[in-house]
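Good morning, and thank you for coming. Please look at the sequence and the structure on the screen while I describe what was computed from them.

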Amino acid sequence: MLMTAGTVVRMRAARCWEEGSHSENSSMSQCAYPEDAGYLKCDMDDASETHEESLGEEAFDTVNSSIVSGESVRFFVHVNLQVQPSQAAESELPDGCGLLHTSRKYLKLKNFEEEIRAHRDLDGFLDRASIILNETATSLDDVLRAMLLRLVHKPDNTESDCNLDLLMAVLFTDAGTPMEGKAVHLLSDTIQGVTATVTGVQYQQSWLCIICTSKSLLKRHVCISRLVRPQNWGENCCEVRFVILVLAPPKMKSTKTATEVGRTFATMFLDITFRQKLLKTRTEEEFKEALVHQRQLLTMMDQGLTPSLKHYSISSICIPKSHQPLQQKDFFPVGKGIREDFARRFPVYPLDFTDGIIGKNKAVGKFITTTLFLYFACLLPTIAFGSLNDEITYGAIVIRGICDDYDLDFNTFYAWTGLWNSFFLTLYALFNFSLIMSLFKRSTEEIIALFISMTFVLDAVKGIVKIFQKYYGTSHGNHNADHISVLSLLGLGTSLNTSFHTALNTSLLANPPELTSVSSRSAEHSSRETAVLSLLIMLGTLWLSYTLYQFKKSPYLHPYMREILSDCALPISVLTFSIISSYGFQEINMSKFRYNPSERLFKIAEMQSLSLGAIGSAMGLGFLLSMLFFIEQNLVAALANAPENRLVKGTAYHWDLLLIAIINTGLSLFGMPWIHAAYPHSPLHVRALAVVEERVENGHIYETIVNVWETRLTTLGASILVGFSLLLLPLPLQWIPKPVLYGLFLYIALTSIDANQLFERMALLLKDQASYPPTHYIRRVPQRKIHYFTGLQVLQLLLLCAFGMSPLPYMKMIFPLIMMAMIPIRYKLLPRIIEAKYLDAMDAEH
């Protein structure tokens, strides 16, 4: 992957060359760079004589080993673009002075083991080889012109409209200059090998890679020229024997650009032994054989199979970590994981309350906005899920349905189910079962995450369909029949909600709320205005919230204000459209959630009222729920602690699981909804506390997290606000119409897929190849394999949807088993279809 390790940009006045000296030294200045261009340089005079004696024709090549200087080796890309002054300015500037823009950046060495394009670049060159041996020209212009003529006159050349003079002009900075004879004649874009030392940067001067893009080209071309004698073309190009010319169209896939092709050949020419071998070749076939042999050496080196090259390591090479298979001893002694988590987290526990509050770097404003975001993100979905389940299931849930089928007391059966659930979670924590989550690869986690995002969208669709069915019908008499038929058609019958946290966070009432009375139903009239306005309110909430969320990327207002608006996107959009709906359209009856204050919040279940058979049934259901809790708790924790989030205080998977079991024990006894980590709330919470920067790579803008404020104050504050929200029932919370809550669902779903790699790869199917981002899997995996893998992930996603969104409640009960089946599918089935190295590359973090 091409990474910018250092970038220096300077804008300076070009030297006003005297006419005599310019003509006399034109050939030497063609490759020279201004002395004050703004990057480290090394005076080569002292070292040149010594290297000339020791290396002969490789003089001035500032290396002394077969592979150059280990990790200090990098490439420089020189980009020199002359900014032409206006005609009025030219008349005022003496001797044709102008401006020269110089930009330099590091390039990482090509990894021939992981980056598949390295081999394809070389194979493409070998098939249409353009090699010039024993070039007798001495000036850079003549050498480049000869190379272009070789490319143009090839028998298989398809560039019919190729203009030789135009290509020559594009290679240099003086293209189109009006200053005849006084232009700064420098190469526009080059790659050279460098070695960083304590005294500065030393250039490899025996080879030069020149890259160029032109709209007149239809495909990429590479030509290599070996000069008869070393040529002195100015500073840092004093002993050139090899010239590599790379031409490409400007609109190419990110892995096929001129820079990427140049990086392939520059990596090969970095080895001095390889260059000396090329000097001894007599025919083009021998030259090609040397290239193939060098490719094999580089591939073996990247695989770590060449002992003599073991000290030559590049920081850009990402070697997949070998995961040792889990063994029985990993789960013992009992409680080992909890003790390690506690020892890891306890020393930094006080910092969870003081970071950002005490000290120089304070983030009080960030904490306040994040607390408000988390409060609305937790409160409103809870209301929406409870309201949606209440309508779809007529106040009942799956456990209630089971109790009705077998004439069981709901509160007691619910309590026993929760207690068994907590019991199994405690066993999972004590016996370190969270280690099993290491078997879940990134691709599996993203399948489950995308499934949860889809359930948010489905819940919003279910809600708006119900509103349309209720208010958009032609007659009120057949409303119930139409309602039932549509719900049956969409698979929205009585069942658990399709989302994990829908089923777990929905308020589980001790008794089913009474259905709306006939008199209240008759008061509702069929109104198309209500249905249309509901749709507009839902889409408006989505539009405003997502627009404000993206507002931090806009150029308007102060950056601090943009960040506040982005963090408060959710509460602002909810309050705005609640006011618009409640006061702007008072004459239109909007659908609002129902509140039943008759239920007691704290009522202990009568545990002795169930038979042993019923308790055993509760154990089976509790075991299935414990698997669901276990998977989502650890999955969400893994997504929140992903390496790209740069969290530094450590994880506590086993300890968190034990706390969930303890808390849910008390909640079960009082008939309250169970809790666990929720997606996408937890990753979005981390994102809200993050300091994010935008960076550009190959024309693609991407965001990277610099650091995250790891604090407990935001979750504590949001939980306190949720508790006080009981005082806001029924008003003013009932002023929030249901379409606003459905718009909230869509917003959460949309923001949760931003960094989902599966969704990104699905989008590749609709993109032009030139628009592909320079991600790690694009570089390391063939495009066809990427699409195969994406298709297989989509099939797994459909399998989850078939069980998780099924209208049959008993199919939902085995949904956790389907999730666990993702592990053998990834480890046993997929490697039979796609090579393991490609699977590991797509599962890698970067």
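I begin with a definition: a residue is called buried under 20% relative accessible area, exposed over 50%, and partly exposed in between, with a 1.4 Å probe and only protein chains considered. The model is a predicted one, in which local features need pLDDT of at least 70 and side-chain atom pairs count only at pLDDT 80 or more, while totals for chains, interfaces and linings use all residues. Residues are numbered from 1 along each chain as its sequence is written, and side-chain values use heavy atoms, with hydrogens and water left out.

Let us start with the chain as a whole. Of its 846 residues, 52% are buried. The chain has 34 helices and 11 strands; these are DSSP runs numbered from the N terminus, helices being H or I with at least four residues and strands being E with at least two.

I turn now to charged side chains. Side chains of opposite charge can pair when their charged atoms come close. A salt bridge here is a side-chain nitrogen of Lys or Arg within 4 Å of a carboxyl oxygen of Asp or Glu, and the search of the whole structure finds 25 of them. One joins R263 to E115, with the closest N and O atoms 2.8 Å apart. This pair links distant parts of the chain, since R263 is in helix α8 and E115 is in the loop between β3 and α5, 148 residues apart. How accessible is E115? E115 has a relative accessible area of 5% and is buried, and R263, at 0%, is buried as well. Both belong to a network of salt bridges that also links K110, E260 and R779.

A second example lies within helix α16, where D459 and K462 are three residues apart and hence separated by about one helical turn. Their closest N and O atoms are 3.2 Å apart. D459 is buried at 0%, and K462 is buried at 7%.

The third example brings us towards the end of the chain. R826 forms a salt bridge with D843 at 2.7 Å between the closest N and O atoms. Because R826 lies in helix α33 and D843 in helix α34, the pair ties together parts that are 17 residues apart in sequence. R826 and D843 are both buried. The charged end of R826 also sits over the ring of Y827, 5.8 Å from its centre; the criterion is that NZ of Lys or CZ of Arg is within 6 Å of the ring centre and within 35 degrees of the ring normal.

Next come the aromatic rings. Rings of Phe, Tyr and Trp (its six-membered ring) pair if their centres lie within 6.5 Å, with planes under 30 degrees apart counted as stacked, over 60 as edge-to-face and the rest as tilted. The structure has 23 such pairs. In one of them, the centres of F342 and W655 are 5.5 Å apart and the planes are at 65 degrees, so the pair is edge-to-face. F342 lies in helix α11 and W655 in helix α24, so parts 313 residues apart in sequence are tied together. F342 is partly exposed at 40%, and W655 is partly exposed at 29%.

Finally, I mention a cluster: ring pairs link W207, F242, F269 and F274. Thank you for your attention.
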